[in-house]
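Have the sequence and the structure at hand while reading.

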Amino acid sequence: MAVRIRMKRMGRKHRPFYRICVMDSRKQRDGAAIEEIGTYDTSVADKSKRVEINMERVDYWMSVGAKPSENVATLIKKVKKNKFGTAAAPAPLTAPKEPAPEPEPEAEEASAEATEAGSEEAAAEETPSE
């Protein structure tokens, strides 16, 4: 019998939770396990607390020929070396941009009056006076 140490998916949609199990490699992913030796919860913020493995049982099963899957082998290596890394810091918050201040209405009226006066003078110059 080919024995593997692999993860069995539990939890609900979009919220995975895994049990680290020893099982026959021919069984389906969520099938019956020989023994459950740990858990892996991806939603825990602290990376070092995501994985809980009984290392004595892992060593026993590996000594009798069980082979870990790629993902479980990575988790075991991280637990042994206690190197989980750190979560990336969130991006700094930036203040929203303030809209440009609106010009004062008095300035608009004055500029509109100047424009009208300038256009009247230009019209008076164009037409010959008697």
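In this predicted model, the largest nonpolar core has 18 residues. Those that touch the most other members are I5, M7, I20, Y40 and I53. Several elements build this core: β1 (3-12), β2 (15-24), β3 (35-41), β4 (51-53), α1 (55-63) and α2 (70-81) each contribute at least two residues to it.

What does I5 touch, leaving aside residues up to four places away in sequence? Its contacts include I20, C21 and V22. I37, V58, W61 and M62 are also among them.

The strands come together in a sheet. Strands of a sheet pair through backbone hydrogen bonds, and the pairing can be parallel or antiparallel. Here the sheet is open and has five strands, in the order β4-β3-β2-β1-β5. Its pairing is mixed. At the edges stand β4 and β5 (67-68), each of which pairs on one side only.

| Strand pair | Sense | Bridges |
|---|---|---|
| β1 and β5 | parallel | two bridges |
| β2 and β3 | antiparallel | six bridges |
| β3 and β4 | antiparallel | three bridges |

R4 stands opposite K67 in β5. Y18 has Y40 of β3 opposite it, and Y40 is also one of the core residues that touch the most other members. T39, in turn, faces E52 in β4 across the pairing.

Is β3 mostly covered or mostly open? It is mostly covered, as five of its seven residues are buried. β3 is also among the elements that supply at least two residues of the core.

α2 lies across β1, β2, β3, β4 and β5, and α2 runs at about 95° to β1. α2 also supplies at least two residues of the core.

Why does K83 count as exposed? Its relative accessibility is 60%, and a residue counts as exposed when this value is over 50%. K83 and K47 are 36 residues apart along the chain, and their C-alpha atoms are separated by 9.5 Å.

How values were computed. Residues numbered from 1 in each chain as written. Predicted model: local features only at pLDDT ≥ 70, side-chain atom pairs only at ≥ 80, totals over all residues. Heavy atoms only, no water. Core = buried A, V, L, I, M, F, W, Y, C linked by side-chain atoms within 4.5 Å. Buried < 20%, exposed > 50% of the residue type's maximum accessible area, 1.4 Å probe, protein only. Helix = DSSP H or I, 4+ residues; strand = E, 2+ residues; numbered from the N terminus. Contact = heavy atoms within 4.5 Å. Pairing = 2+ DSSP bridges. Axes fitted to C-alpha atoms, helices over the stretch in contact; angles between N-to-C directions.
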